[in-house]
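Please read these notes with the model open beside you. Take the points in order and find each residue as you go.

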Amino acid sequence: MADREYNVVLLGAPGAGKGTQAKMLSSSLGVPHISTGDILREAVANGTELGAEAKGYMDRGELVPDELVIAIARERLGQPDCKPGFVLDGFPRTVAQAEALGGTLEDLGREPLTVVNLAVDEDEIVRRLSGRRLCRGCDGIYHVDQPGVESGAPCPAEDCDGELYQRSDDQAEAIRERLNVYKQQTQPLIDYYGERGLLVDVTGEGDPEQIAERVLQVVRG
Ligand code: AP5
Ligand code: MG
């Protein structure tokens, strides 16, 4: 259970480590981790109407239309487990989404946001994304640099017997498109939140545990 309200947005390029950090932060703070990418991938895997609509955009590395993603985030943030706060990962990523989030939080009467921008060099991003593998069972995030990590291998986590796979958008062409889309549509949010005094920059390079400590310090204030 959280000791106070923590409303956090993790901002950063594809592969900056949003998912990796959001998992750790959510467990340290006792608030839910909300990844619009994970919600959309689950919809695709379950063959829902939302999944069918989102799949093409995601495979090409483009953004899913604002109205769909805004509706998902609004519905999720209104659920009771978000009362003590949330760690948002991958939302907002356009100015329209940031404005919608502001409106939702105002409607819910919530404390202001802390927006953490994870900064990572572009060559490192491409290295991370092309080597990333995920677990179908526990959603664990790994990299082929780690021993035993490869598509089809068993998950390295002790209590999981899931299988590792590569995301369909972690292919060279989709990675390039995701980085272009990030620069054009998401990077402007750095200024958007900076101008509102809500943004804190944290380097996303180095040991993930040390990054997590810095992020936690920033969020706890
Ligand atoms: P989404 O799932 O959000 O993907 P993304 O933004 O491209 O980010 P990633 O998940 O690829 O990277 P990450 O920052 O989480 O890094 P990770 O921790 O995994 O979105 C996917 C798609 O869904 C979008 O393209 C779009 O189509 C759609 N979508 C989602 N949200 C949307 C929205 N709001 N609006 C519209 N469309 C939306 O780490 C990456 C790798 O690096 C891993 O291998 C990891 O092990 C490694 N790593 C992590 N930290 C470190 C470290 N410190 N040092 C070394 N390696 C590290
Ligand atoms: Mg992610």
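1. Start with the length of helix 9, residues 208–220, in this predicted model. Helix 9 has 13 residues, so at 1.5 Å a residue it should span 18 Å. The C-alpha atoms at its ends are 18 Å apart, which agrees.

2. Which residues of helix 9 are buried? They are Ile 211, Ala 212, Val 215, Leu 216 and Val 219. Look down the axis of helix 9: these buried residues fall within an arc of 140 degrees, so they line one face of the helix. An α-helix has 3.6 residues a turn, so residues three or four places apart point the same way. Glu 213 and Gln 217 are on the other side of helix 9, and they are exposed.

3. What do the buried residues of helix 9 pack against? Their partners are strand 1 (6–12), helix 1 (18–29), strand 4 (114–119) and strand 8 (199–203). Check the end of the helix too. Gly 221 follows helix 9, and its phi is positive, near 75 degrees.

4. Now turn to Arg 128. Arg 128 sits in helix 6, residues 122–130. Is Arg 128 buried or exposed? Its relative accessibility is 16%, and buried means under 20%, so Arg 128 counts as buried. Set aside its neighbours within four places in sequence. Arg 128 is then in contact with Gly 15, Ala 16, Gly 17, Val 120, His 143, Gly 204 and Glu 205.

5. Tyr 193 belongs to helix 8. Tyr 193 is buried, with a relative accessible area of 2%. Beyond its neighbours within four places in sequence, Tyr 193 is in contact with Pro 92, Ala 98, Leu 101, Leu 113, Val 115, Leu 198 and Leu 199. Take one of these, Leu 101. Tyr 193 and Leu 101 are 92 residues apart in sequence, yet 12 Å apart in space, C-alpha to C-alpha.

6. Helix 5 (95–107) and helix 8 (188–195) each supply at least two residues of the lining. By class, the lining of the second largest pocket has eight nonpolar, one polar and four charged residues.

Terms used. Residues are numbered from 1 along each chain as its sequence is written. Chains are lettered from A and ligands numbered from 1 in the order in which they are written. This is a predicted model: local features need pLDDT of at least 70, side-chain atom pairs count only at pLDDT 80 or more; totals for chains, interfaces and linings use all residues. Side-chain values use heavy atoms; hydrogens and water are left out. Helices (H or I, at least four residues) and strands (E, at least two) are DSSP runs, numbered from the N terminus. Ala, Val, Leu, Ile, Met, Phe, Trp, Tyr, Cys and Pro count as nonpolar, Asp, Glu, Lys and Arg as charged, and the others, Gly among them, as polar. The expected span of a helix is 1.5 Å times one less than its number of residues. Buried means under 20% relative accessible area, exposed over 50%, partly exposed in between (1.4 Å probe, protein chains only). The arc is that of the directions from the helix axis to the C-beta atoms. Contact means heavy atoms within 4.5 Å.
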